[in-house]
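Q: I have a model open and would like to go through it with you. Could we start with the overall fold and then move to the helices?
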Amino acid sequence: MIHSLAYGDVRYFRMARTFLGRALYWTGVYLVDGLLVDSGPPNLARDVRRLVSELGVRQCVTTHYHEDHSGNHALLAGALRITPLAHAVAAGRLAQRDAAPQLYRRLAWGVREPARVAALGEWLETPHHRFQVIHTPGHAPDHVALWEPRRGWLFSGDLYLAPKLRYLRADEDVHAMIESLRRLIALEPAALFCQHRGQVEHGGTRLRHKLEFLLELGERIQALRRRGLDEAEIARALPGSDLFWRLWTGGDFSKRNFVTAFLRPRS
Ligand SMILES: [Zn+2]
Ligand SMILES: [Zn+2]
């Protein structure tokens with residue numbers, strides 16, 4: 001299922017695999033000035049192929065290697081002779097088949113084909129725009145945001161997602177995420193484009209709310225640690241339930257991951 005939305009010169013294609021008519025997990029790609037920002041999950045290859053052949057896509061950039069963002073890179077290379085761009089640290093990983101993706105990832109997004117990518121520079125040019133490539137690790141080590149300073153557009157990949165999150169992925173680095181959020185907030189974006197949410201109203205304020213939420217959560221976890229609680233006890237003491245996500249992802253998304261990540265020393 002693909003829905004198309006237009007935000008002025010930026011188009012957003014919200015997409016999801018459906019099961020019994022219901023979307024399993026929404027994600028999306030943007031198209032701006034012939035540049036495709038991410039290529040969508042592999043199990044939507046048929047829709048993406050139709051989309052890119054109709055839309056005059058000339059370039060593709062990867063916000064990060066997760067397969068809901070890089071899943072059709074091989075298709076773009078084969079059908080349109082486009083070599084997607086990605087942060088240099090993702091090149092090796094994207095060129096290989098994912099060894100053993102968890103069941104929830106295979107169900108929601110499918111399995112990505114290996115694809116060759118070219119390394120991003122500091123700037124990315126399209127016919128009418130210049131995007132600054134900002135390395136923003138945390139959600140993933142290769143994560144980048146794209147910043148168009150003249151228009152105030154910020155493509156934030158998966159760094160924003162929501163002002164408050166109930167869970168963290170096991171491989172996320174929360175300290176790096178906090179630094180990356182600070183870097184993006186300093187830009188004072190006029191328009192924030194989230195890969196899963198579409199355009200976020202009051203984007204700068206929302207990014208600040210997310211940063212404040214993480215800082216408060218970190219303080220709370222450290223305070224509980226000082227009282228002698230272990231990681232499992234701290235996770236139970238945090239508000240909200242992560243049960244659905246914990247079960248669905250086999251523990252890859254959980255509150256406990258927040259605790260582990262905050263208590264891990266900064267790298
Ligand atoms: Zn992601
Ligand atoms: Zn994502």
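A: In the protein chain, residues 24 or more positions apart account for 63% of the contacts with a separation of 6 or more, where a contact means that the C-beta atoms of two residues, placed from the backbone, lie within 7 Å. This is a predicted model, in which local features need pLDDT of at least 70 and side-chain atom pairs count only at pLDDT 80 or more, while totals for chains, interfaces and linings use all residues. Residues are numbered from 1 along each chain as its sequence is written, and chains are lettered from A and ligands numbered from 1 in the order in which they are written.

Q: How many helices and strands does the protein chain have?
A: The protein chain has ten helices and 17 strands, which are DSSP runs numbered from the N terminus (helices are H or I with at least four residues, strands are E with at least two).

Q: And how much of the protein chain counts as buried?
A: Of its 267 residues, 40% count as buried, meaning that 20 or more other C-beta atoms lie within 10 Å of the residue's own, with C-beta atoms placed from the backbone.

Q: Now the helices: at what angle do H6 and H7 pack?
A: Helix H6 (residues 174-185) and helix H7 (residues 203-226) pack at about 150°, with their axes 10 Å apart; axes are lines fitted to C-alpha atoms, for helices over the stretch in contact, and angles run from 0 to 180 degrees between N-to-C directions. H6 and H7 are therefore roughly antiparallel to each other, a label for angles over 145 degrees.

Q: Which residues make that contact?
A: Among them are Val174, Met177 and Ile178 of H6, and Gly204, Leu207 and Arg208 of H7.

Q: What about H7 and H10, at what angle do they pack?
A: H7 and helix H10 (residues 255-263) pack at about 80°, again with axes 10 Å apart, and that makes H7 roughly perpendicular to H10, the term for 65 to 115 degrees. The contact includes Leu217 and Ile221 of H7 and Phe258 and Phe262 of H10.

Q: Which residues of H10 are buried?
A: Lys255, Asn257, Phe258, Val259, Ala261 and Phe262 are buried, and what covers them includes strand E14 (168-169), H6, H7, helix H8 (231-237) and strand E17 (253-254).

Key:
Parallel < 35°, antiparallel > 145°, perpendicular 65-115°, else oblique. Buried ≥ 20, exposed ≤ 12 C-beta atoms within 10 Å, placed from the backbone.
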